[in-house]
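Please keep the viewer open as you read.

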Amino acid sequence: MERPCTKRKDATAGDGDGTVTNARLPWPAKVSQCDRLRPRDADDCGSAVSAIKGYCVDRNLPTNVYRPVGCGGGGNATKFRLSDLVDELHRVFAEDRVNVEYVQYLMESYKSDPAEWLKYAKFNKFRYTRNLVDAGNGKFNLMVLCWGEAHGSSIHNHPQSDCIMKVLAGNLTEVRFAWPEKSSTAERDHEHDYDYDQQLQPMCELGRTVLETDSVCHINDSMGLHRVENDSHTDKAVSLHLYCPPFEECSTFNQQTGHEMKAKSTFWSIYGEKVSKKRVLEEHMPDDN
Ligand SMILES: N[C@@H](CS(=O)O)C(=O)O
Ligand SMILES: [Fe+2]
């Protein structure tokens, strides 16, 4: 079946520092102190806590353990903030076994508040950026990804990792693909890239989902591969990604041939501070030996 071919600036697009300011974002770039302090909905946290409790009761999970920290409950309920989500993730990941479904549920319980993540939202004009929010004691990585107009990722995997992704602003399209099938001939000719490509097939698209602000999706290698696209040519988008365990390299795939290549997954900023160009270059240098 013919698929429409759209030209997009994807992960392979040009180099150079393309830092852009937050001038034209789909949310207010400046939040007054007054707005910052006022809970968007006085019951925000209370309802998140009861929903999480209900979720745990339904699944016979202990409710006292699976209570988001920082929410207090009762008459003094404050909302379930990004910092509460991070605290709760630390608590959950300190245990031996982690219920990924529950982690997804926590990501759904957090309602995007730009005032809480704006400091991590650093854009580049050429490609999407990865901005580390929390390194999760080595157990998980939480990061804010910033997508300029028409930016998208290459088709990729998440090596041995679960990826839980939530849209914080704008809309993103998640396109899923099946792993490419390698013929036995293709494997034999692995050293000759050209022949290898010729023997492979266009990749099979399994489906696409438009994720609106606050929607969450989950993928791991057993569920397939994906690419994420900001289809808008006028609006930027921001997403929150949790990877457990963290990874520093993944595979990207050519949609026409299924050809696989390794790619480093680097950060554009860490804890709100832009990573220096020197450090990015060093991280891409091959080892001496
Ligand atoms: N998994 C990608 C982002 S996305 O396109 O899902 C990354 O970590 O860069
Ligand atoms: Fe991904």
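The report below starts with the whole chain and then turns to the sheet, a helix and the ligand.

This is a predicted model, in which local features need pLDDT of at least 70 and side-chain atom pairs count only at pLDDT 80 or more, while totals for chains, interfaces and linings use all residues. Residues are numbered from 1 along each chain as its sequence is written, and chains are lettered from A and ligands numbered from 1 in the order in which they are written.

The protein has eight helices and 15 strands, taken as DSSP runs (helices H or I, at least four residues; strands E, at least two) and numbered from the N terminus. Of its 289 residues, 31% are buried, meaning that 20 or more other C-beta atoms, placed from the backbone, lie within 10 Å of the residue's own.

An open, mixed sheet contains seven strands, ordered β9-β6-β11-β4-β3-β14-β15; strands pair if DSSP finds at least two bridges between them. Each edge strand has a single partner, so one side of each is left without a neighbour in the sheet.

| Edge strand | Residues |
|---|---|
| β9 | 216-219 |
| β15 | 273-274 |

Further in, β4 and β11 run antiparallel, joined by seven bridges; M143 has H241 of β11 as its bridge partner.

Helix α3 buries L82, D84, L85, E88, L89 and V92. Down the axis, these fall within an arc of 150 degrees (directions from the axis to the C-beta atoms), so they line one face of the helix.

H241 also belongs to the shell of ligand 1, along with residues including R130, H156, H158 and C163; a shell residue has its C-beta atom, placed from the backbone, within 6 Å of the ligand.

Technical notes: Buried ≥ 20, exposed ≤ 12 C-beta atoms within 10 Å, placed from the backbone.
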